[in-house]
Amino acid sequence: MPLGPFLRREPVRVQPFFGFRNANRLFLNARAIQAREPVFEKRSFWRNAATMMGLYASHEVADFPVTLEYQGAGGTLVSEQIMSGREGYVRFDLDLDASNASASDMPRRTRWEKAVLRWERPGTVEADGEATAYILTPGTETRIGVISDIDDTILETGITGNIRAIARNWRHMVEMPSERILVPGASAFYAAIGGNPAKKREPESPIDALLPEARVRPVFYVSSSPWNLFSYLVTFKRERGLPLGPVMLRDWGFNRKTLGKEGHGSHKREAIERILTTFPHLRFALIGDDTQKDLMAFGSIAAAFPGRIAAVFIRSVSGEPLNDEQLHAKDVIDKAGVPFWSGSDYRAAEEFLQSAGLDLEGGVERLVRTASEGE
């Protein structure tokens, strides 16, 4: 979405998103854009508005060659070059088996690995560029993973689909990550379910200054927000001590599929299915809310992947009773034998966890204790 010629004078850079891999394949998305790196500092209203506008007004660069380099087992270097698409996206799917780069290199415990993106700027005076990309690699001894929504699951929006609510909360659109409200109990709950204590650290830049901290259980995020907000959401999670993990966002377009209500659920189902298929040795706890068809998506997943869902957590935001569609999804989850919790505050999950006997690899007592503590 070009805003004007002044943006086009910025050098082309490639924004890597968080990737993930198993023993056979490595997945990483990135985007070639002409825009400055965002700096999320709380300033005046108009400066904040300009920062947020810049996230959406970046000039995407099509037909731009980007090379991914990943060093696998025994020092084997895997490399692939891809041209960016019409919206600037570069989607890597590396076959690690073909290069013998992975078989002996799967970690016992979950860890973050590094890859490098490189690109040239032919016909300009700008130097060639490179960026570090982080790859989440679940461990072979890990048995449970987490897949979580973002809006109203960890980040309060104050929007439940009502036009008046949207109008009342328009200021959220120009707030910096440090100004946004964390869902009550989320920091402690996610620290426990991820497997490590929460830590608050100040990053020096939105993405790359700090190596992401690996948790015992890998955490993935699936959201209907656009890819433009990746840096913003990562900064928010870092400042709140929330686990970092690959984020499956949406490529917003002006069409019925992406703007309609059905797009929310279908995007999430497809993203969750991809994660479950990539990591068949993991069971997953699914966390969402009652505002964007999360319950229906989770129900269809529980039915399609028997035995793979460890628990479902639904945060109640609307305060409304479940409708027929939601009740049917809950019934599907119950019949699949999946423990189900719903409530407005994660600190109230203690009774559910105790009664369900959910054993996150022996960590249930700590999870119950931590989830019930105050922020």
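Are Glu 156 and Arg 315 buried or exposed? Both Glu 156 and Arg 315 are buried, where buried means under 20% relative accessible area, exposed over 50%, and partly exposed in between (1.4 Å probe, protein chains only).

## About the model

This is a predicted model, in which local features need pLDDT of at least 70 and side-chain atom pairs count only at pLDDT 80 or more, while totals for chains, interfaces and linings use all residues. Residues are numbered from 1 along each chain as its sequence is written, and side-chain values use heavy atoms, with hydrogens and water left out.

The chain has an average pLDDT (the predictor's confidence in each residue, from 0 to 100) of 79, and 74% of the residues score at least 70. Confidence is highest in strand β2 (residues 19-21), with a mean of 96, and lowest in helix α1 (residues 5-8), with a mean of 42. Helices (H or I, at least four residues) and strands (E, at least two) are DSSP runs, numbered from the N terminus.

Two stretches call for care. Over residues 1-8 pLDDT stays under 50, and the model has 14 contacts there beyond four places in sequence; a contact means heavy atoms within 4.5 Å. Residues 254-260 also stay under 50, with nine such contacts. Where pLDDT is low, the predicted coordinates should not be read in detail.

## Salt bridges

The structure holds 17 salt bridges, each being a side-chain nitrogen of Lys or Arg within 4 Å of a carboxyl oxygen of Asp or Glu. Let us return to our opening pair: the side chains of Glu 156 and Arg 315 form one of these, at 2.9 Å from N to O. This pair links distant parts of the chain, with Glu 156 in the loop between β10 and α3 and Arg 315 in strand β14 (residues 309-315), 159 residues apart.

Asp 149 forms a salt bridge with Lys 268, and their closest N and O atoms are 3.1 Å apart. Asp 149 sits in the loop between β10 (144-148) and α3 (163-168) and Lys 268 in helix α7 (residues 261-278), so this pair ties together parts that are 119 residues apart in sequence. Asp 149 is buried at 2% relative accessibility, and Lys 268 is buried with a relative accessible area of 2%. Glu 113 and Arg 111 form a salt bridge too, with the closest N and O atoms 2.7 Å apart; Glu 113 counts as buried at 9%, whereas Arg 111 is partly exposed at 30%.

## Paired strands

Strands β5 (residues 65-71) and β6 (residues 77-83) pair in the antiparallel sense over seven bridges, and pairing here requires that DSSP finds at least two bridges. Tyr 70 stands opposite Val 78 in β6. Strand β5 also runs antiparallel to β8 (residues 111-119), joined by three bridges, and Leu 68 stands opposite Leu 117 in β8.

Among the buried ones are Leu 295, Phe 298 and Ile 301.
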